[in-house]
Each structure stands twice: as structure tokens, then as C-alpha cells.
Amino acid sequence: MAQKRVLMKGNEVIAEAAIRAGCRNYFGYPITPQTEVMHYMAKKMVQVGGNFVQAESEVAAINMVYGAAAAGFRVMTSSSSPGISLKQEGISYIAGAELPAVVVNIVRAGPGLGGIQPAQGDYFQATKGGGHGDYRNIVIAPASVQELYELVVEAFNLADKYRMTCMIIGDGTLGQMMEPVAFRDEEPVETIEKPWAACGRKGDSFHHTVTSIYIDPDVLEKKNLELQDKYKIVEANEVRYEAINMEDAEIVITAFSTCSRISRNVIRQAAELGIKVGMIRPITLWPFPYKAIAEAADMPSVKAFLDVELNAGQMIEDVRLGANGKKPVYFHGRLGGNLPMQKEILDKIVAIHEGKITEGGNF
Amino acid sequence: MIRLFNQTYFTVASVFRIDYNTLIYFTHYVRFIVLRRFIVAKGKVTFNENLCKGCGLCVAACPKKILELDKTRLNSKGYHPATSVNPDECIGCAFCATQCPDVVITVERF
Amino acid sequence: MAVVFEPTKGLTDKPFHYCPGCCHGIIHRLVAETLVANDALETAVGVASVGCTYNSYEYIACDMVQAAHGRAPAVATGIKRNLKDSFVFTYQGDGDLASIGTAEIVHAAARSENITVIFVNNAVYGMTSGQMAPTTLVGQVTTTSPWGRDPSYQGYPINVSEFLSNLAGAAYIERVCVTDFKNIQNAKRAIQKAYNVQKNKLGFSLVEVLSTCPTNWGKEPLAAMDWLKENMEKQYPLGCYKGADITFDAEGNYVSGAIPATANNCVNVGEVKK
């Protein structure tokens, strides 16, 4: 299959991937550092005959997403941390109404207005449910522009298949960087029937209603249990991660997205110092690869984990859950939009190798 | 048509030496008060009683004032249901049904 | 014997949960009758909002989507942009539309979304038990204006129809009420006109229906109707605020009248923008 390779910016690839996946609805609002997604859509989405609306707010945008999804159409919105906070109510409604949607978060430093430089401080919000109620989103963390393309296309299929939100977690680095992307001639788009959609009765004996309110506690409990059953199926089938250099690894780095890229080089440098370092890179942050972490914790060669994140320690809690106390989990993080230098991580690896770091606290 | 009627009334009035206006009045009396049952449209209202919430809007809306809330009994919701107390006077205008917020009333007309 | 009035197919069999004398029942029925009269029951999609009518999707027999508080116009935008030939409408109360939903209604009108908004204004929050609304009258007693709405710390009511009529994207805006037969027939005419505006892709339409709230006004249904006539109609005069001169022929096709220059979302813009 002949593949076109194009040098493209991450944010633009997200938009291009959505259109290639058959998405013909984009509703967004400008916010740094993801506005290029919207600029690209303002032109391309209109040119392909789709619907483009610059909404009055991120709140309005997520509700337009809800509407288009309720009517049975593929739809996407994108924003950055403060805007994603605004969308939380809408995302909870989408989960309750069991609608498919793709939401892209190009994370910036917080809390509050924060900064515009890259961060990973929305991990809790994305994976533990930033909105109210018992629900989950599928959360995917690409680590390259090529992965942005492939995983955004996949996100639409997953969203339609499981009738839930698929959230893409990027950050300013990924959104702004330019890398070569190999586009497929044809996308693996799965068309899924949506008999539940509210798009006109069309002769059905009962009208279709899309709602998330069930006043009777017994009914609502039953609905919730159905959601939980669905999430169990997703957990059983959709975990994705990458294991790098894990054979005989002494120290296992856990990192996602941008931090995993930085850590790849550290693995090489540590090898030159004679320290065997491996990495488990979660691609789905939810469902989280607990099993892979547990297996690594069971490996006799593994001495410790080092979790590297652009936050004050969020994914580390899931790593600790997976390790289940079998091996210590240490942490290296940067905040405010700063990225760790490779040397910082390497120094921590050396310190762990020499037994100079003990458990306790994130910093 | 009207000119023909007027011409007829005028002729009859002059032939029988009756005042024209009195003749008109008398004819209308016969038509609208005595014979009205057979000339003015008559209607019939049916109440789906257990939907009624006793709000009384239909009672006020009826131009013939033939509806009342039946204070002697309660429907399954516990309200005094509306009912027609003088069905012969119903003209089938459907003001009651149009005003009813609970789609209780069906209206038929002859 | 001919049936001149019977329950409409546009409503389901479920009995309304609304309070005795509440105008929602009348207004739901008018919307339902309009859907049936225009053969739109199989294709229309309505958006229920949050308030007393949160479950209007159980009563109106076309496809319905329940929206978050205030966001119905945005949800309707997402639907209508994809179903350009289906009648898409929202049904909102005054808290939903004029308080939390102010941005959404203004921008849906400004973008001239080809949707119809049924705005039920009863000057109070119903479902949550009687709080002050953006449309509460000065001096009106509510659970959060216990001495009557005091402008010195609680501001003034918002006249939604007048306010939205200033937007170039609004095609048809009319305020009606349902206090008696004549007004109900007029309200139905307005809803039918809004339907025609949408069908002919003329832009955004809104019908504001003044309504009573007997329970939270603390009045019997008939007394509530009188209060509406004496007080609400002074603050919210009935009439057409935009698009009065829009006319349709007997088949409902647009004949004449001032409309926004382009009904935005009913043209495939992609064909012209390369």
C-alpha cells in the first residue's frame, strides 16, 4: 500500500485524522496550545462539506457534540485544560446518555489559568472522571505525530463501538511539533449501526429518546450497572501499552506521551553506564495496563520503578496500584510547563541503582 | 339571497299589515329560541376523567357555562373531575378542550 | 357527529405530571398538533431542557434528546447542522433559557441557526420550587426574593423577545400567551409560522409563550391566569418583535418579508469555499 509521507504539525494531524475517519462535525473554541486544530478544521471541514462551528464557549461546543452524537453522527471537539474543565458536565452527560464522541485535550500547565507550556496535569481529570457520577472515558495518550494520526482514527471506531467518549491526551509539545506522517490510502473506518439515534422516528413504533436522567433509583442503579459492565468489557479488551527493553530490566520507567520520548534516550544513556533500564509506556491511560505493571513488578531483575510525569504525581498512583507494594515506585516530575532534562532522569536512575533514593513522597 | 329574503319579509309585512321590524323580531324569536334545537349546531363533550386535575380552566372557558367540577366525587387522582352539567346546551365550540392542559376532553359536533 | 377535537397523535399516552392549571400541558399540545399538521412526526427531533419539562421527551411523540441545563440551543445546533431537512426545536423555560443558557440562546440566534425555540416564560423557577428567575417581575415575591424582587440588589427582568430581536440572525420572534381560546389559537398560529420559517430555511425562530405557574405563584389556576393578564402582559407585551411581515402561501412556502440575508447552515458552504 503506497503511503504518502507528509511533514505536519501535531495539531493539524489531529484534524486531518478526524476527517479521514469520516468525522463531519467539529465544534470548538480557541485556546492555546490547540487552536491550530480549529484553524485547520475551519478550512478543511468546510471544504469536505462537513459542519464547522466556532462555538461561543467550550461549554456550548461540548453540548453541540452531544447533539450531533445523539443524532448518530461522528463528531469531535478539542480544547486545552481550562476548556476541558468547562466540558466536564457535558462529558458526564455524554457518558450517561451513552453517546460516542471524541474529545481532544492538548494539556497545558495548571491549575487555573496556569501557563501555556506542556503538562500532564489532567491525568486525574481524564482517568478518574472529571465530571460527576460513576463513569469512565477511554483515554489515549499518543507519543508521536504518527501515533496522533493513527490513534485519532482509532478513537472514532472505539467511541462508536462502545458508545462512550474517547479522549485523546496530548500536550503542547506534541501539538506543536512537526514530524513526518505516513498516511494510509484507506482508513480502517468501521461503520457501526446506530438504531438508538434520535434522528427521526422514520416509522419506528416508538420514538427514540436520548437521555441520561432516570428518576427512579432502581432504574438508575440498573443503568449504572450496565455502564459498569460495559467498562469491564473495555478493560478486558482495549488495554494498549508499549514495553521497551524490558528483558532483564533493573529499573522500569513508567511514562506516557512526551515523557516517554525523553525517557527513550535515557534508556540508551543508562545502558552506556551499564544500568539496564526498561520502560512501560501506557498508550491507553484508561483502561490502564495494571497487568503489565504487575508482571514487571514480579520480574526478579526489576529493582524499582521510576515514574516520570509533567505533574506532581498522578499516574504514579496507578503504577503503585499495579505494583501492589512489591517494588518501590520512585518519581521524577516537572511542573509549570517545564520539561525534564534527560540528565535529571539519568541522575535519578543512577541514584536508584546505587541505592541512594528511598521510598517516600513524590519529590 | 338576502335581498330576496328582505323582499319577502317586506311583502308579507305589507300584505298582512304587520310592522316590518316586528315581523323580523318575531321570525328570529321562532328561529333562534323556539326552534334552536333543530337549527343551531349542538355538540357533545366526553371527559377522560382520570386525567382531570380539577384545575377549573374549562369551567371558566365554556361560553355556555355548562361545565362544573363535580364536588360530590373524586377521580382516581383525587381531584374533583370536570363534567358537563347541562349537556343539551353544548354548542361543540371546543373552547373547553382547547383550554384543558391535560387533554381530557373530546368534542363532537352535529 | 363529527369529532372536532380529540387527543393528538403528536403526544404519547403518558399523562402529564404538570401541576393542575399549568400551561405546559396546553403548549406541549400545540407543539404536538403542529408536528402532526405538518406531517413532521416521523422526522422531527425535539430537545428537552431542564426544569419542569425535563421529561417532555416522554410526552412529545417525535424523537427527543434531553439536554443539559441551558444548553438546548447548542444541542439543537449539533442536531440541525446534520439533519438539515428535519424540524428541530427546543422547549425551554425561563431559567434554562434566560439564566444559565443566555450565551447559548444569543449565539444560536446570532448564527441564525435554522431551529425553532419554544420559550415558556412563567417568571419563576418551577421545578426547583419557586426561586426568582431572570424574568421575575419587580416586586414579585419568590423563594429567593422573599420581600419581592428588589432592583437595588436583585436587578431588573430580562425581556427576551425584545432583546433577541436586535440580532441580525433572528428571523422570527413573537410573544404569545394561552390564557383563553383566542390567545391559544393565536399561539398555535405563531408556532405554525415558526415551523414555516424553519421549513423554508429562513433562519432562527423563537416563540415566547407567557405561562402561569399556579403552584409557585401561590394562586389557583384561574386566579393565576388573571395575574398573568394584569401583570405579566404589562412587562412582556404580546406581539411580533421580528419577522411580522414574513408571509407564506397556503402550502407554507415563503412569499415575502424581511429575513436574514443568508440562512447559514442550510447551504453546503464547502461548494463555494475552495
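1. Basis of the note. The model is predicted, so local features need pLDDT of at least 70 and side-chain atom pairs count only at pLDDT 80 or more, while totals for chains, interfaces and linings use all residues. Residues are numbered from 1 along each chain as its sequence is written, chains are lettered from A and ligands numbered from 1 in the order in which they are written, and side-chain values use heavy atoms, without hydrogens and water.

2. Helix H3(A) with helix H5(A). In chain A, H3 (residues 58–70) packs against H5 (residues 88–96) at about 15°, and their axes lie 8 Å apart. Helices here are DSSP runs (H or I, at least four residues) numbered from the N terminus; axes are lines fitted to C-alpha atoms over the stretch in contact, with angles from 0 to 180 degrees between N-to-C directions. The two helices are therefore roughly parallel (angles under 35 degrees count as roughly parallel, over 145 as roughly antiparallel, 65 to 115 as roughly perpendicular and the rest as oblique).

3. Residues of that contact. Ile62(A), Val65(A) and Tyr66(A) of H3(A) meet Gly90(A), Ile91(A), Tyr93(A) and Ile94(A) of H5(A), where contact means heavy atoms within 4.5 Å. Six of these residues are nonpolar, one is polar and none is charged (Ala, Val, Leu, Ile, Met, Phe, Trp, Tyr, Cys and Pro count as nonpolar, Asp, Glu, Lys and Arg as charged, and the others, Gly among them, as polar).

4. Helix H3(A) with helix H2(C). H3(A) also packs against H2 (residues 72–80) of chain C, at about 45° and with the axes 6 Å apart. This angle makes H3(A) oblique to H2(C). Ala60(A), Asn63(A), Met64(A), Tyr66(A), Gly67(A) and Ala68(A) make the contact with Ala74(C), Val75(C), Thr77(C), Gly78(C) and Ile79(C). By class, seven residues are nonpolar, four are polar and none is charged.

5. Cavities. The whole structure holds four cavities of 30 Å³ or more. A cavity is a set of points, on a 1 Å grid over the protein atoms alone, where a 1.4 Å probe fits but cannot get out; lining residues have an atom within 4 Å of a point. A volume is the space filled by probe spheres set on the points.

6. The largest cavity. Its volume is about 110 Å³. Of its 15 lining residues, Cys52(B), Cys55(B), Cys58(B), Cys100(B) and Val104(B) lie nearest the centre. The lining comprises 11 nonpolar, two polar and two charged residues.

Note on methods:
1 Å grid on protein atoms, 1.4 Å probe; cavity = no way out; pocket = protein on both sides within 12 Å on 5 of 7 lines; lining within 4 Å.
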